[in-house]
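Subject: Structure for your review

Dear colleague,

Here is the structure I said I would pass on.

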Number of protein chains: 2
Amino acid sequence: MIHIQEVVTRDGLQNEREYVPTEKKIELINRISQTGVNKIEVTSFVSPKAVPNLKDAEEVMKNIDRNPDVTYTTLIPNLKGAQRAVECEADEVNLLVSASNTHNLKNVKKTTEDTFESFKEIIDYLSDKNIALSGALGTSFGCPFEGNVPEERILDCVQKYIDLGVNRITLADTTGMATPKQVYELSSKVLDEFPNITLTLHFHNTRGMGLANVLEGIRAGVIHFDASLGGIGGCPFAPGASGNICSEDLVHMLHFMDYELNVDLDKMIETSKYLQTLLSHPLDGQIINAGKITDLHSVDGI
Amino acid sequence: MIHIQEVVTRDGLQNEREYVPTEKKIELINRISQTGVNKIEVTSFVSPKAVPNLKDAEEVMKNIDRNPDVTYTTLIPNLKGAQRAVECEADEVNLLVSASNTHNLKNVKKTTEDTFESFKEIIDYLSDKNIALSGALGTSFGCPFEGNVPEERILDCVQKYIDLGVNRITLADTTGMATPKQVYELSSKVLDEFPNITLTLHFHNTRGMGLANVLEGIRAGVIHFDASLGGIGGCPFAPGASGNICSEDLVHMLHFMDYELNVDLDKMIETSKYLQTLLSHPLDGQIINAGKITDLHSVDGI
């Protein structure tokens, strides 16, 4: 069974120019909750100044209809974020640090080491709360400043998460630098060294390799993948380039390759069409334009 | 060694709304000739009424600078097309028939069987000319009218080409319906049954699976792939969807996966940027927007 985890309302919307009204975000999440995904990254408890599009994080988190089969996770940058997540009764918090020191410094003005250190008080605070922990490792497949990030560094960072008690770990290809070969090699190595973690891969389609990367991840044994409806969530380094891998395109491919999936393809496509009504630019996804491979045409129709 | 065959000036331009002036087409082909590709589908000797963008087929074919390392091929629909190709001294002619009978009827008002029959006089005419033959099989991975096209039908059609003396055979995913699993299975079967043919795969990225399909083709043992600069060449069934797989995106992926390639990545990207100057819409390719994975950013630059 391949598990699709939806990140559109966090990683997707955070970079959108237009503000999506709170009630529309809630409606979008409620619809996603009915598609079969097992996890939704609802929002991010960051500073509203840093990410104005997610300034309504509490209101969204508190007002969605919870499906008991879905884990509602939220990204948190610090202790304050953790407190907000607890107050909103998120099911999980997602920590984030970049494997690349330069990227981490640029992102949060701390070294990778110091960010891991700062997780301790967060985890300590959460230890008696009813909330799960997951940890994402940004720039796992390359850094836009440093370039290649050595595998050893990734393995060290995974170990650091495990030492902190975090066993749900996401390798994130923050700016779309992963190649399929690299995905297979790194995922195999991480699963081999750390067989007890729950490993998620998070890809961007910045350079067109996103779906190929998923297939190589599956070949290596990974079964959890993040994706964003409509493929939104572009990166500031690559204006005009694609964003996150597109949920419905991914589900479409896996569905027609006969993988067992937790997601209903038609519901996913419908939900992406709803997302399209909330944004004024065309989505990156292919399927909402091209239709499914089973959507046949009439001979007289062209 | 993986061989990239460039189809932008035929499959790409044929569906463009804007007419690209003859001298610009020639300049584009001359630049492509220097990228390392071993084959260029220069044009199509069809009726100018059917494909107005290629009405200058003779003038283009006669005025390009020939690189002796490149095979200059042209698509021909009938005997007249073959005569035009011979007159222009094309290195190769490319025949085309759809495996799906419905698609073939719609496309050329003949059954698949009758089209194969019509190839005989073409091949007879060409038998004493210094020109190579290749044959493409449209809708090899699915038909937009019929849906699934049985593998047996594909194998029969390949056999028909071989019986006619055509040993360079292209399986074309005319409207972007192939899944990676299907590509692996069908390519394996064709190579297994017909080990002496030169097999090319021709994919469209209509549903986002194009690059993943190439990787599964390679895994099955295929080493020749068609691609179109900028990913142009969209299909009339899917307005807004992607066209052919994008040459520079494909070369970028394979280059950074350490495949031995016949093409220089930087020259390919440069040539795609030139193509962009000839068209008034943005190209589908990702790399010309996002840059290569080795194009790093300055820490102060953002």
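Predicted model: local features only at pLDDT ≥ 70, side-chain atom pairs only at ≥ 80, totals over all residues.

Strand 8 of chain B covers residues 224–227. Strand 1 of chain B, residues 3–6, pairs with strand 8 of chain B in the parallel sense, over 4 bridges.

The chain gets from strand 7 of chain B to strand 8 of chain B by way of helix 9 of chain B (residues 210–220), in a right-handed β-α-β crossover.

Strand 1 of chain B is paired with strand 2 of chain B (residues 39–44) as well, again in the parallel sense, with 2 bridges. The bridge partner of B:Glu6 in strand 2 of chain B is B:Ile40.

As for side chains, in a regular strand they alternate between the two faces of the sheet. In strand 1 of chain B, B:His3 and B:Gln5 point one way, B:Ile4 and B:Glu6 point the other way, and all are buried. In strand 8 of chain B, B:His224 and B:Asp226 point one way while B:Phe225 and B:Ala227 point the other way, and all of these are buried too.

The core

The largest nonpolar core has 184 residues. The residues with the most contacts inside this core are A:Ile4, A:Leu171 and A:Leu250, together with B:Ile4, B:Leu171 and B:Leu250. Leaving aside residues up to four places away in sequence, B:Ile4 touches a set of residues including B:Val37, B:Phe225, B:Ala227, B:Leu250, B:Val251, B:Leu254, B:Leu261, B:Val263 and B:Met268.

Single residues

B:His252 lies in helix 10 of chain B (residues 247–256). Its relative accessible area is 0%, so B:His252 is buried. Among the residues that B:His252 touches are A:Arg207 and A:Met209 from chain A, and B:Leu265, B:Ile287 and B:Ile293 from chain B.

B:Asn104 is part of helix 5 of chain B, residues 101–108. B:Asn104 counts as buried because its relative accessibility is 2%. A polar atom of the B:Asn104 side chain lies 2.9 Å from the backbone oxygen of B:Lys110. Other residues touched by B:Asn104 include B:Val97, B:Ser98, B:Thr111 and B:Thr115.

A:Thr174 sits in the loop between strand 6 (168–172) and helix 8 (180–193) of chain A. With 26% relative accessibility, A:Thr174 counts as partly exposed. The side chain of A:Thr174 reaches the backbone nitrogen of A:Thr139 at 2.7 Å. Beyond residues up to four places away in sequence, A:Thr174 touches A:His103, A:Gly138, A:Thr139 and A:His204.

Cysteines

How many disulfides are there over all chains? The count comes to 0. A:Cys143 is buried at 0% relative accessibility, and B:Cys246 is buried with a relative accessible area of 7%.

Best regards

Note on methods: Residues numbered from 1 in each chain as written. Chains lettered and ligands numbered in written order. Heavy atoms only, no water. Buried < 20%, exposed > 50% of the residue type's maximum accessible area, 1.4 Å probe, protein only. Polar contact = N/O pair within 3.5 Å; in protein donor to acceptor, adjacent residues only side chain to side chain. Contact = heavy atoms within 4.5 Å. Disulfide = S-S within 2.5 Å. Core = buried A, V, L, I, M, F, W, Y, C linked by side-chain atoms within 4.5 Å. Pairing = 2+ DSSP bridges. Right-handed = clockwise from strand over helix to strand, strands pointing away.
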